[in-house]
Amino acid sequence: SGNALATDFTWTFTTAASVCPEQQPCSIWTNSTIPTNQSENDSSAVELGVKFSSSIDGYITGIRFYKGNTITGNYIVNLWNSNGQNLGTATRNNLSASGWQTLTFASPVAITANTTYIASYYTSIGRYASDNGFFASSGVIQAPLRALSNGESGGNGVFKYGNSGFPSNTYQSSNYWVDVLFTDTVSADTTAPTVISTTPASSGTGIAISTKVQATFSEAMNPSTISNTTFQLRDPSNTVVPANVTYDATTRTATLTPNAVLTPNITYTATVTGGNSGVKDLAGNALANNYVWTFTTSDLITFWDNSATPAVLQDSDTSAVTLGVRFRSDANGYIKAIRFYKGNNNTANYTVNLWNNSTQASIGTASINNLSGTGWQIVNFTNPVAITANTVYVASYFTSIGRYSINQNYFASAGVDKPPLHALQNGVSGGNGVYRYGSTVGFPNSTYNSSNYWVDVVFSLTP
């Protein structure tokens with residue numbers, strides 16, 4: 001009717017204290033928040049993430065995620081910037097609890113206000129929490145943190161199938177229930193870094209001459225302090241082995257790669273330099289003392305270490321089959337044995353063969369009966385088989401019960417290089433890996449999805 005309010009009506013109110021940063025660390029969701037779908041019916045290995053930002057500068061001290069199942073698996077958490085650069089990572093094995101899980105970084109990771117980051121976790125067994133459409137129309141604000149809506153982030157949440165890596169795919173604005181631990185301040189770092197593990201292990205023997213030497217640190221290191229002057233390998237005459245030194249911030253590992261294969265059957269000394277002229281962490285704290293260890297080489301070379309594990313330990317296929325890998329060597333040498341990974345514990349008879357790829361002729365064979373163990377199996381030739389440099393060969397094993405180990409697409413874009421050995425990329429001298437179905441041993445020349453059937457050789461430069 002046009003009647004005006006007679007006078008201004010005024011009142012006041014006082015906002016509540018921010019939940020964070022006063023109650024630190026803070027997260028996007030509370031511990032009482034529970035997903036609708038706590039365990040997806042998907043058992044594939046996958047990296048799952050959430051895009052988020054903070055309205056103030058601060059630090060991410062760790063990542064948490066909701067786990068609805070109680071199956072034991074291996075988990076990795078990662079923090080990424082929007083360009084896919086990894087800023088922090090942590091790992092935990094055999095995580096069997098359900099509910100919110102927390103993994104903390106060795107060192108807090110600084111983040112900048114109003115900048116998009118991605119927090120993610122990798123699960124080898126799938127079965128992740130997932131609520132479709134969660135970010136379709138809005139994000140989640142828990143000041144100063146904000147999980148971004150689908151529209152403002154170019155798609156939230158994100159995922160990547162396969163190995164752990166930057167998750168950039170989206171599906172129906174799903175929330176995979178990944179969260180962060182945020183704080184606006186951290187205590188000054190005055191703790192000296194330490195070396196927590198090495199490869200090869202200290203006093204290790206029988207080390208492959210193609211080995212790389214690695215040192216893993218207790219916290220993030222300043223890459224500029226890690227070089228071929230602060231990380232060195234010396235032979236018994238104290239001569240420095242020419243090498244390239246790199247640092248991986250994700251794993252906090254320095255890697256020394258010799259320019260040539262090492263000398264067989266001698267002891268090497270590796271040194272990571274400490275003190276003011278040595279390696280330092282991001283806060284400038286130096287390794288307190290030189291870290292020194294030794295190892296002794298062998299002249300035996302394999303493609304995979306004993307710790308290597310297939311993605312699929314035992315396929316459901318129970319057919320009799322010969323499975324193999326195509327490879328070559330840069331140098332003349334000898335194949336002393338063939339190994340293969342066996343994921344089942346069924347008793348069976350196995351036959352290994354070494355084939356000339358061009359003639360398809362077997363040039364070495366050996367058999368073993370009633371093999372019932374799991375893991376890497378080795379079958380020795382009675383006499384080492386000589387091979388010629390730059391010639392393609394096939395190493396294979398025959399199983400009458402199938403149930404073989406397999407990684408599909410393993411050789412699709414790259415081979416495996418353990419100088420002088422090279423397991424060939426798919427398309428080089430034909431496909432890799434190879435197989436042949438049949439009740440008897442035969443040359444394997446069929447391929448499927450560039451699969452790795454986890455067949456290996458034991459190579460030596462000497463008989």
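The legends below describe close-up views of one predicted model. Because the model is predicted, local features need pLDDT of at least 70 and side-chain atom pairs count only at pLDDT 80 or more, whereas totals for chains, interfaces and linings use all residues. Residues are numbered from 1 along each chain as its sequence is written, and side-chain values use heavy atoms, with hydrogens and water left out.

**View 1. Two nonpolar cores.**
A nonpolar core is a set of buried Ala, Val, Leu, Ile, Met, Phe, Trp, Tyr and Cys residues joined through side-chain atoms within 4.5 Å, where buried means under 20% relative accessible area, exposed means over 50%, and partly exposed lies in between (1.4 Å probe, protein chains only). The largest nonpolar core holds 62 residues, of which F217, F231, L233, F327 and L354 touch the most other members. Strand β25 (residues 375-387) supplies the largest share of this core, five residues; helices (H or I, at least four residues) and strands (E, at least two) are DSSP runs, numbered from the N terminus. Another core, of 37 residues, lies apart from it and includes C26, V50, I63 and L145.

**View 2. A nonpolar surface patch.**
L5, F9, W11 and F13 form a nonpolar patch on the surface and together have about 640 Å² of accessible area. Patches are made of residues with over 30% relative accessible area and no salt bridge, like charges being joined within 9 Å and nonpolar side chains (Val, Leu, Ile, Met, Phe, Trp, Tyr) within 5 Å; accessible areas come from the Shrake-Rupley method with a 1.4 Å probe, and for residues only the protein chains shown count as cover. W11 is found in the segment before β1 (46-54), and W11 counts as exposed, at 63% relative accessibility.

**View 3. An open sheet of four strands.**
The strand order is β12-β14-β17-β16, with antiparallel pairing, two strands being paired if DSSP finds at least two bridges between them. β12 (195-199) and β16 (243-248) stand at the edges with a single partner strand each, so one side of each is left without a neighbour in the sheet. Within the sheet, β12 and β14 pair over four bridges, with T216 in β14 as the bridge partner of S197. β14 and β17 also pair over four bridges, and here V213 has L256 in β17 as its bridge partner. β16 and β17 (residues 253-258) pair over six bridges, with T257 in β17 as the bridge partner of N244. Four of the five residues of β14 are buried.

**View 4. Salt bridges.**
A salt bridge is a side-chain nitrogen of Lys or Arg within 4 Å of a carboxyl oxygen of Asp or Glu, and by this rule the count comes to five. The side chains of R64 and D179 meet in one of them (3.2 Å, N to O); R64 lies in strand β2 (residues 58-67) and D179 in strand β11 (residues 178-183), so the pair ties together parts that are 115 residues apart in sequence. Both R64 and D179 are buried. D305 forms a salt bridge with K418, the closest N and O atoms being 3.8 Å apart, and D305 counts as partly exposed at 48% relative accessibility. The side chains of D330 and R328 also meet in a salt bridge (2.7 Å, N to O); D330 is partly exposed at 38% relative accessibility, and R328 is partly exposed at 25%.
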